[in-house]
Amino acid sequence: MSAANPHARAHRKSRRRGAARAGDPQRQEYPGAAYAALDLGTNNCRLLIAEPAPANGFRVVDSFSRIVRLGEGLEASGALSAAACERTLAALKICADKVRARGAKRLRGVATEACRRAGNGRDFLRRVAAETGLALETISAEEEARLTLLGCAPLLDSKHPFALVFDIGGGSTELMWVALSKTSGPRLLGVESLPLGVVTLVETEGGGALGPAEYDTLVRRIGRRLDAFDAAHGVAARVERGEVFVLGTSGTMTTLGGIYLDLPRYDRARVDGLTMEAERASAIGRRLAGMATAERARHPCIGPERADLVALGCAVLEAICRRWPVRTLRAADRGIREGLLIEMIAADRDQTTGTVPP
């Protein structure tokens, strides 16, 4: 694996566990015993293939992750570009080969913000189906948040009555307000999808070095976009009373986690579930933002393909930390794919046992 994609390798030996909800309407059936989950985002194409494990968990047997920048140019044109579609198709053909090679019993593939927004998003997915055999569905921001929360649920801390979960994606940032309980699973109370993704921000702000004043201006501008979510759920007041656990899942968070630990190369096993001091994580973000793109690219936890994106993700994180100042926050290297796998496996188990899922 090249340094350009430092997060892909770590999934090959990873294991996931968690509770599940049922319902996977777009499953594709295959003859084998494994399950496949595919997440096509604005920036990345990610696949996980896993086999069921005890306690409603699963064991990963194969994975794939590639930066495709499907949403490149979308902000200006409103459409997926020909070059972005070709890059993405090449990655999806690899995914299709892996699914067939592993004999996956089920596959569910989803597309998120780029295909939601693009005028030619449906046409592109029809082409994907014709050329790869993969039937991907475009899901809503609410469904994206639900699956992300399901995948991240094992990392939440129910000693707090509430959680703020966020996902800084390529085309958007999802904010989730969650009720936590020691006796039942997390309950999603509210979702907001903000058009603040690292790919779209690079196209409007540039991906080079940001001086302190420039960075601060960007952070304050992003911060104003958080006001409506705060007003709707009273997040700041809950944070002030120490009632909120904060979890972030995104390349921004995992990159910061690797740098926070001063890792010589990205290591998912050490970053997934890492609790970071919010002030120190913000300081790392400001330092990265001030670097030239080439300097960021040389860091083993970033690489050249993400060097222009990470500073913009750090600005979004900084805005979140300023608006809702907590002492610590947790990084998650998991999300939609894990949620898809948990749900598919649980639905099949419910069918086998004849139980009715909650």
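**Exercise 1. Which residues is S158 in contact with, leaving aside its neighbours within four places in sequence?**

Solution. Leaving out neighbours within four places in sequence, S158 is in contact (heavy atoms within 4.5 Å) with L180, S181 and K182. The model is predicted: local features need pLDDT of at least 70, side-chain atom pairs count only at pLDDT 80 or more, and totals for chains, interfaces and linings use all residues. Residues are numbered from 1 along each chain as its sequence is written, and side-chain values use heavy atoms, with hydrogens and water left out.

S158 itself is found in the loop between α5 (141–152) and β8 (162–168); helices (H or I, at least four residues) and strands (E, at least two) are DSSP runs, numbered from the N terminus. Finally, S158 counts as partly exposed because its relative accessibility is 30%, where buried means under 20% relative accessible area, exposed over 50% and partly exposed in between (1.4 Å probe, protein chains only).

**Exercise 2. State whether E144 is buried or exposed, and list what E144 touches.**

Solution. Start with the location: E144 lies in helix α5. Its relative accessibility is 5%, so E144 counts as buried. Not counting residues up to four places away in sequence, E144 touches T112, R116, I139, D167, E174 and I336.

**Exercise 3. Describe how α10 and α12 pack.**

Solution. Two packed helices are described by the angle between their axes and the distance between the axes. Helix α10 (residues 251–260) packs on helix α12 (residues 278–290) at an angle of about 100 degrees, and their axes are 10 Å apart. Axes are lines fitted to C-alpha atoms, for helices over the stretch in contact, and angles run from 0 to 180 degrees between N-to-C directions. The angle therefore makes α10 roughly perpendicular to α12; angles under 35 degrees count as roughly parallel, over 145 as roughly antiparallel, 65 to 115 as roughly perpendicular and the rest as oblique.

Now assign the residues. Helix α10 contributes L256, I259 and Y260, and helix α12 contributes R280, A281, I284, G285, R287 and L288. By class, this contact has 6 nonpolar, 1 polar and 2 charged residues. Here Ala, Val, Leu, Ile, Met, Phe, Trp, Tyr, Cys and Pro count as nonpolar, Asp, Glu, Lys and Arg as charged, and the others, Gly among them, as polar.

**Exercise 4. Which residues have the most contacts inside the largest nonpolar core?**

Solution. A nonpolar core is a set of buried Ala, Val, Leu, Ile, Met, Phe, Trp, Tyr and Cys residues joined through side-chain atoms within 4.5 Å. The largest has 56 residues, and F166, L288 and W324 have the most contacts inside it. Helix α14 (residues 310–323) gives the most to this core, with 10 residues. Beyond its neighbours within four places in sequence, W324 is in contact with L164, L175, L226, F229, D230, V235, A236 and V239. A second, separate core of 31 residues includes I49, A104, V128 and L136.

**Exercise 5. Where are R69 and D262 found, and what is the phi of each?**

Solution. Most residues other than glycine have a negative phi. R69, in the loop between β5 (57–67) and α1 (74–77), has a positive phi near 50 degrees. D262, in the loop between α10 and α11 (268–271), has a positive phi near 55 degrees. R69 is buried, with a relative accessible area of 15%, whereas D262 counts as exposed at 65% relative accessibility.
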